[in-house]
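Welcome! Keep it open beside you as you read.

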Amino acid sequence: MAVALKLLKQLRAPHTSSTILHRNLSPRLSSIHSATRLFSDSPPPTEPLPAPPPLNPHSPSPSSLNQYELAKFAAVAETWWDSEGPFKPLHMLNPTRLAFIRSTLCRHFGKDPLSPKPFEGLKFIDVGCGGGILSEPLARMGATVTGVDAVEKNINIARVHADLDPVTSRIDYQCTTAEKLVEEQKNFDAVFALEVIEHVADPTEFCKSLSTLTVPGGATVVSTINRSMRAYAAAIVAAEYILHWLPKGTHQYSSFLTPEELALILERASISVQEMAGIEYNPLTGRWSLSDDVSVNFIAYGTKTVTSSL
């Protein structure tokens, strides 16, 4: 444990602010000349992965789904609400993610951030909701929440847990995908995809679906892990191999996106990134906080472009 703490302390930035920052990415984005993902740096070597399971002919199979990733999460679905289990990092991250969401979306929708139910009257969707770790607090903040996941076990766990509270029991959980909801012409005031995009097969198509689900002028929030050496050391080496917070193989370095890449993909999908913040872990306090350091975990809030009709 002493070795792990030493490693994590070395990974932390020397000093960061705990406030949410508006980051102007335009100058950095101007050097990117392609809408495709830019894997200019070679990923560090990782252990060989087993072959992905065969496709289920009865399951939804739009282009952004990664069947191997779905199988990994299905294998640990029963542990979603075990705060000391495989999803412990998400339980630890959740208060910080929610602080960013409350701040940015209250400002976006003109709501009172001090209200116990600031999102009353708004329709939200949690894409890749898993067991409902994010969906439930959003519902408690007054939003009408739809939670979708392509893993049926995740949805079953989410429904059982939500039924323990009359407020969260109203969450509409569906075993489906963003692409299927696009076909059904569904739309929402805000769309969330937290810690999901690194597990999909096609981030570009996935973000197009997120955008289509967002009403014009609505909000989209995406969080993920940066493709940097610090992130590799923290999210894979430390979290999976030293601290054993996550099962080995949870993350693949080559699937991570840099902040510039994510902003560009979202921009091409008519989502303009307005704010971006890093989420930093302090090994001494065991707490996560928002910072201006996006080199490991980061979260972005964008707005759907309003197109004028002539």
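In this predicted model, alanine 219 has a bridge partner in β8, namely threonine 303. That pair belongs with the contact between β5 and β8, two antiparallel strands joined by seven bridges.

**Around β8**

- β8 also pairs with β6, in the antiparallel sense and over eight bridges.
- Within β8, lysine 304 is the residue that stands opposite isoleucine 271.
- How many of the eight residues of β8 are buried? Eight of the eight are, so β8 is largely enclosed by the rest of the structure.

- Eight strands make up an open sheet with mixed pairing, and their order is β3-β2-β1-β4-β5-β8-β6-β7.
- At the edges you will find β3 (172–175) and β7 (287–291), each of which pairs on one side only.
- From one strand to the next, the twist averages 20 degrees.
- The antiparallel strands β6 and β7 are joined by five bridges.
- Look in β7 for serine 289, which has glutamate 280 opposite.
- Helix α8 packs on the sheet, where it touches β1 (123–127), β4, β5 (214–225), β6 and β8 (297–304).
- The direction of α8 makes about 145 degrees with that of β5.

**The nonpolar cores**

- The largest nonpolar core holds 37 residues. Ile101, Leu105, Phe119, Phe124, Leu138, Phe192 and Val221 have the most contacts inside it.
- At least two residues of this core come from each of α4 (88–109), α5 (135–140), α6, β4, β5, β6, β7 and β8.
- Which element gives the most to this core? The answer is α4, with seven residues.
- Leaving aside residues up to four places away in sequence, isoleucine 101 touches Cys106, Phe119, Leu134, Leu138, Phe192, Leu194 and Val221.
- There is also a second, separate core of 28 residues, and among them are Phe188, Phe206, Leu210 and Ala263.

- Glutamate 195 sits in the loop between β4 (188–194) and α8 (203–213). Its phi is positive, about 55 degrees, although the residue is not a glycine.
- Is glutamate 195 buried or exposed? Its relative accessibility is 13%, and buried means under 20%, so glutamate 195 counts as buried.
- Serine 270 lies in the loop between α10 (259–268) and β6 (271–282). This residue, also not a glycine, has a positive phi near 70 degrees.
- Valine 151 belongs to the loop between β2 (144–149) and α6 (152–162). With 7% relative accessibility, valine 151 counts as buried.
- Valine 151 and threonine 176 are 25 residues apart in sequence, and their C-alpha atoms are 8.2 Å apart in space.

Methods. Residues numbered from 1 in each chain as written. Predicted model: local features only at pLDDT ≥ 70, side-chain atom pairs only at ≥ 80, totals over all residues. Heavy atoms only, no water. Helix = DSSP H or I, 4+ residues; strand = E, 2+ residues; numbered from the N terminus. Buried < 20%, exposed > 50% of the residue type's maximum accessible area, 1.4 Å probe, protein only. Pairing = 2+ DSSP bridges. Axes fitted to C-alpha atoms, helices over the stretch in contact; angles between N-to-C directions. Contact = heavy atoms within 4.5 Å. Core = buried A, V, L, I, M, F, W, Y, C linked by side-chain atoms within 4.5 Å.
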